[in-house]
Amino acid sequence: MSETHGQAQLARLRPFEAAARYESFTRAAEELGLTQTAVSRQISQLEAELGVSLFERRNRAVFLTEEGRRLGAVVAEALASIDAEIAAITGTGAPGTVILRCQLCEAFYWLMPRLSRFHARNPDIQLQLVSALEPLTQAREPFDVALQTTGRAAGSARLLFTASDEIFPVCAPSLLANDPGPLPPDKIREFPLLSHRVLPQDWFDWPDWFAASGMSRPQDLRVIAFDSYPLVLQAAIAGQGIALGWKRTVEGLIDEGKLRPACTETIRRPGEISVFRGPRRTPSAAVDRLIAWLRTELE
């Protein structure tokens, strides 16, 4: 490879890394101050030089291929190492801080009650928690570790491990005051169903629950939709209907008497939660201890 050719290939890695992180040429162009056409051209040239497709183009959207995902993870870590070293040399970095990105609902209902245990065992680690509603591809800042529902867009973030969870209908005790025991599954349709609707629908919702329970979806459902899962839970606590509850998220609310299982049907999902390594190059020992702690908590 000639020096000029190698330099050109390296110059194309920054647009590729941004496009892989977002799984979007448009958002990569916005971040880098380029046109979408320029980003697309740079990536096409990189693909031609490597002899592999890094993205699959479908219906004006792009999705990483397996080769693209692997290269994206390597390039993200390499660029983050360069940025971290520059920050250290110039004194502009914030060494020692580990950034954990977590979906808002899990951050509030699952993670926060447990964080005191992490701090007690790791008093020397400064942990910064970033909560979010958006999938990893829409993360605005780099992170060290991220936790989100499996199946949501993750871009080039490297999957570390998955954990199981259980999904079952929940509601306020007052909603079923006349029914001391959980309802049979076919009775759920008689109540308003609280739904977390997102685009794309990368979140388990009532159609998935009916299908997993072996029932066809009723045509006369009363569905109340919300754009965030925390709002769904608050509506359930207020007695507005029945919501789908993820056990790890709602078990504290059940223990407090704010919610109760509404139904006998439970859907077990062995890989429902995914934990990812992000592009930041924080000292690995601190990040490794956070990852080990998450593995233990998610067992």
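This is a predicted model: local features need pLDDT of at least 70, side-chain atom pairs count only at pLDDT 80 or more; totals for chains, interfaces and linings use all residues.

Biologist: Okay, how much space lies in the largest pocket?

Modeller: The largest pocket holds about 980 Å³ of space. Its lining is made up of 48 residues, and those that lie nearest its centre are Glu23, Thr137, Arg152, Ala153 and Ala154.

Biologist: And which elements give two or more residues to that lining?

Modeller: On the helix side they are H3 (25-32), H5 (66-90), H6 (104-121) and H8 (229-237), while the strands are E2 (61-64), E6 (158-171) and E11 (267-277).

Biologist: How does the lining of the largest pocket divide by class?

Modeller: There are 23 nonpolar residues in the lining of the largest pocket, together with 13 polar and twelve charged ones.

Biologist: Let's switch to charges, then: how many salt bridges does the count come to?

Modeller: The count comes to 17 salt bridges. Side chains of opposite charge can pair when their charged atoms come close.

Biologist: Which residue forms a salt bridge with Arg12?

Modeller: The partner of Arg12 is Glu49, and the closest N and O atoms of this pair are 2.2 Å apart. The two residues come from distant parts of the chain, 37 residues apart, with Arg12 in the loop between helix H1 (3-11) and helix H2 (13-22) and Glu49 in helix H4 (residues 36-50).

Biologist: Why does Arg12 count as buried?

Modeller: Arg12 counts as buried because its relative accessibility is 9%, and the limit for that label is under 20%. Glu49, in contrast, counts as partly exposed because its relative accessibility is 28%.

Biologist: Are Asp144 and Arg277 buried or exposed?

Modeller: Both Asp144 and Arg277 are buried. Another salt bridge joins Glu272 to Arg269, with the closest N and O atoms 2.7 Å apart. Of these two, Glu272 is buried at 3% relative accessibility, whereas Arg269 is partly exposed with a relative accessible area of 28%. There is also a network of salt bridges that share partners, and it joins Arg114, Arg117, Glu251 and Glu297.

Biologist: Moving on to helix H9, which of its residues are buried?

Modeller: In helix H9 (residues 247-255), the residues Arg248, Thr249, Val250 and Leu253 are buried. The buried residues of H9 pack against H6, E6, H8, strand E9 (242-246), E11 and helix H10 (284-297). After H9 comes Gly257, which has a positive phi near 80 degrees.

Biologist: Last topic, the cavity: how much space lies in the largest one?

Modeller: About 50 Å³ of space lies in the largest cavity, and the count comes to one cavity of 30 Å³ or more. Among the residues lining the largest cavity are Leu194, His196, Trp203, Phe204 and Trp246.

Biologist: Which element gives the largest share of that lining?

Modeller: Strand E7 does, with three residues, and E7 (193-196), H8 and E9 each supply at least two. By class, the lining of the largest cavity has seven nonpolar, two polar and one charged residue.

Terms used: Residues are numbered from 1 along each chain as its sequence is written. Side-chain values use heavy atoms; hydrogens and water are left out. On a 1 Å grid over the protein atoms alone, a cavity is a set of points where a 1.4 Å probe fits but cannot get out, and a pocket is an open set with protein on both sides within 12 Å along at least five of seven lines; lining residues have an atom within 4 Å of a point. Grid points are joined across faces, edges and corners, and a volume is the space filled by probe spheres set on the points. Helices (H or I, at least four residues) and strands (E, at least two) are DSSP runs, numbered from the N terminus. Ala, Val, Leu, Ile, Met, Phe, Trp, Tyr, Cys and Pro count as nonpolar, Asp, Glu, Lys and Arg as charged, and the others, Gly among them, as polar. A salt bridge is a side-chain nitrogen of Lys or Arg within 4 Å of a carboxyl oxygen of Asp or Glu. Buried means under 20% relative accessible area, exposed over 50%, partly exposed in between (1.4 Å probe, protein chains only). Contact means heavy atoms within 4.5 Å.
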